[in-house]
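Subject: Structure for your files

Hello,

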Amino acid sequence: MAVLLLAEVNNGELALDATAKAVTAAKALGDVTVLAAGGSAAAAGEAAAKIDGVAKVLVAEDASLGHRLAESTAALIVSLAGDYEHIVAPATTDAKNVMPRVAALLDVMVISDATAVVDGATFERPIYAGNAIQTVKSSDAKKVVTFRTANFDAAGEGGSAAVETVGAAENPGLSEWVEDKVAESDRPELTSAGIVVSGGRGVGSEESFAIIEALADKLNAAVGASRAAVDSGFAPNDWQVGQTGKVVAPDLYVAAGISGAIQHLAGMKDSKIIVAINKDEEAPIFQVADFGLVADLFDAVPELTEKLG
Amino acid sequence: MKVLVPVKRVIDYNVKVRVKADGTGVDLANVKMSMNPFDEIAVEEAIRLKEAGKADEVVAVSIGVKQAQETLRTALAMGADRAILVVAADDVHTDIEPLAVAKILAAVVKEEEPGIVLCGKQAIDNDMNATGQMLSALLGWSQATFASELDIDGDSAKVTREVDGGLQTISVKMPTIVTVDLRLNEPRYASLPNIMKAKRKPLDEKTAADYGVDVTPRLEIVSTTEPEARAAGIKVDSVDDLIAKLKDAGAV
Ligand SMILES: Cc1cc2nc3c(=O)[nH]c(=O)nc-3n(C[C@H](O)[C@H](O)[C@H](O)COP(=O)(O)OP(=O)(O)OC[C@H]3O[C@@H](n4cnc5c(N)ncnc54)[C@H](O)[C@@H]3O)c2cc1C
């Protein structure tokens with residue numbers, strides 16, 4: 001049985017970590033063909049061909065596929081769908097934009113954010129902000145699935161899959177890209193970092209977020225934030241961790257000035273070690289923390305930064 | 001222009017969810033139910049479009065159990081003009097799948113002919129994040145998901161979207177489907193006089209069969225379980241103590 005996996009391609013480059021994690025999930029379903037689509041996607045296709053477990057790579061390059069606009073990307077996938085029983089992707093915002101559209105065009109349900117593969121039709125996924133895990137079995141002929149990357153290890157390299165090119169489907173011309181506002185950063189990417197340091201409303205301002213960032217840089221960590229910190233303008237939206245932000249599962253997660261609402265826990269409670277720094281000893285974050293420090297973060301975080309190695 | 005806003009009745013986001021002992025789902029009997037928070041943002045945006053003179057009518061629609069009437073009354077109290085309830089289930093534990101919801105909405109859209117549909121980006125119960133995209137596919141309309149800014153200008157709309165890398169702005173052809181994210185606006189509370197007024201606003205009742213849509217689920221729920229609980233942690237006394245513990249654990 002064959003699996004079509006939509007690679008995560010950003011500006012012509014393969015997002016290797018997210019794609020390789022989805023490959024691990026997809027391998028359990030059958031032979032994996034990776035689709036690299038974009039305004040330019042050849043280099044991404046070449047990179048995907050090296051992922052261990054990839055049987056074939058399809059490259060679709062067309063201006064209409066740039067910026068992963070949902071309508072043209074979904075039309076492309078549907079044009080290829082006949083050959084595959086599973087159509088899958090890492091559960092990124094790009095894939096969440098595209099895959100439900102693909103599913104509806106194929107008249108099947110989408111299975112979003114799957115965290116485990118039980119068999120070819122059966123998947124586990126979290127519901128209610130991760131407060132329950134549901135096992136669902138699809139009766140559809142084709143299964144359209146996105147995989148939560150935090151739950152799968154990245155497939156290694158060493159593959160040498162054949163690369164073919166395919167044409168774009170007809171562009172429905174419904175939407176156009178205007179601009180991206182993407183902050184360049186030398187820090188590790190939030191969803192693949194080994195350590196994440198996050199700040200919440202307790203940090204108090206955009207300026208004070210510098211103390212969170214200093215600790216992150218000392219640990220070579222990514223920076224995260226609670227919704228309250230993002231809503232208050234202390235941190236950009238792409239740092240939000242939680243039910244409606246990013247889901248992370250690093251080796252170490254440090255939460256400073258974060259109360260621990262279920263919507264935040266949904267994005268980080270699978271981290272290996274959780275450290276909470278909060279001045280309120282009753283804060284719910286302490287219920288999931290391996291190490292809790294009741295302290296003012298303005299004292300504790302700089303002290304931690306200074307004393308670490 | 002008419003605005004259509006689908007709203008879902010879900011467990012209130014402050015309620016602690018309990019998994020039923022028999023593994024069939026989450027206990028929804030006698031718990032507080034509210035409008036899905038993302039849908040509140042969609043209703044608010046629709047009302048603001050009307051207040052800005054860009055829309056002339058706001059129609060709220062809910063698909064589910066009869067009790068979703070209350071959710072529609074909330075939308076009416078916030079400022080929607082009228083409501084449509086499509087009864088598609090009897091048991092409060094039955095969740096109509098996004099594909100079936102999208103099919104019913106597509107039929108409602110054909111009848112109502114709105115210029116825009118504003119959906120929440122996801123429902124906080126099934127967290128599927130799918131209905132808006134599916135509706136857009138079925139109608140062959142443009143879609144703009146995860147919106148944090150919306151600016152309608154004649155036959156197109158500029159939408160800023162919250163994406164993994166930051167923000168993306170796209171321009172979509174009208175009519176369109178927009179799914180809204182948390183930072184689009186802050187929804188208003190309904191005032192008491194408006195809650196009273198909402199009781200007299202029109203609320204039509206239909207069934208899924210009226211639209212000829214089969215709501216049989218495509219996904220069978222095999223089981224619902226509690227997530228694995230984390231082992232209890234400890235409190236440390238000082239930063240030095242914390243560093244020592246982290247070193248012991250090999251974390252730094
Ligand atoms: C539909 C929906 C979706 C949501 N999605 C998300 C999501 O994806 N991610 C998310 O994070 N939230 C999400 N939320 C919001 C969530 O419910 C909480 O409101 C939010 O997480 C709170 O953020 P916080 O912990 O930073 O702020 P608060 O709850 O205000 O907590 C601040 C904490 O900082 C502590 N503090 C203050 N000053 C100091 C100090 N000097 N030193 C030490 N500690 C201090 C306080 O004791 C307090 O515990 C969502 C909510 C809804 C309704």
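A residue counts as near the ligand if one of its heavy atoms lies within 4 Å of it. This is a predicted model, in which local features need pLDDT of at least 70 and side-chain atom pairs count only at pLDDT 80 or more, while totals for chains, interfaces and linings use all residues. Residues are numbered from 1 along each chain as its sequence is written, chains are lettered from A and ligands numbered from 1 in the order in which they are written, and side-chain values use heavy atoms, without hydrogens and water.

Ligand site. There are 29 residues around the ligand, and Arg201(A), Ser226(A), Val241(A), Ser259(A) and Asn278(A) come nearest. For polar contacts (pairs of N or O atoms within 3.5 Å), a side-chain N or O atom of Arg201(A) is 2.6 Å from a ligand oxygen. A backbone N or O atom of Gly257(A) lies 3.0 Å from an oxygen atom of the ligand, and a polar backbone atom of Gln243(A) is 3.2 Å from a ligand oxygen.

Nonpolar cores. A core is a set of buried Ala, Val, Leu, Ile, Met, Phe, Trp, Tyr and Cys residues joined through side-chain atoms within 4.5 Å, where buried means under 20% relative accessible area (1.4 Å probe, protein chains only). The largest has 91 residues, and Met99(A) and Met134(B) are among those with the most contacts inside it. A second, separate core has 44 residues, including Ile116(B) and Leu150(B).

Regards

Definitions and conventions:
Polar contact = N/O pair within 3.5 Å; in protein donor to acceptor, adjacent residues only side chain to side chain. Buried < 20%, exposed > 50% of the residue type's maximum accessible area, 1.4 Å probe, protein only.
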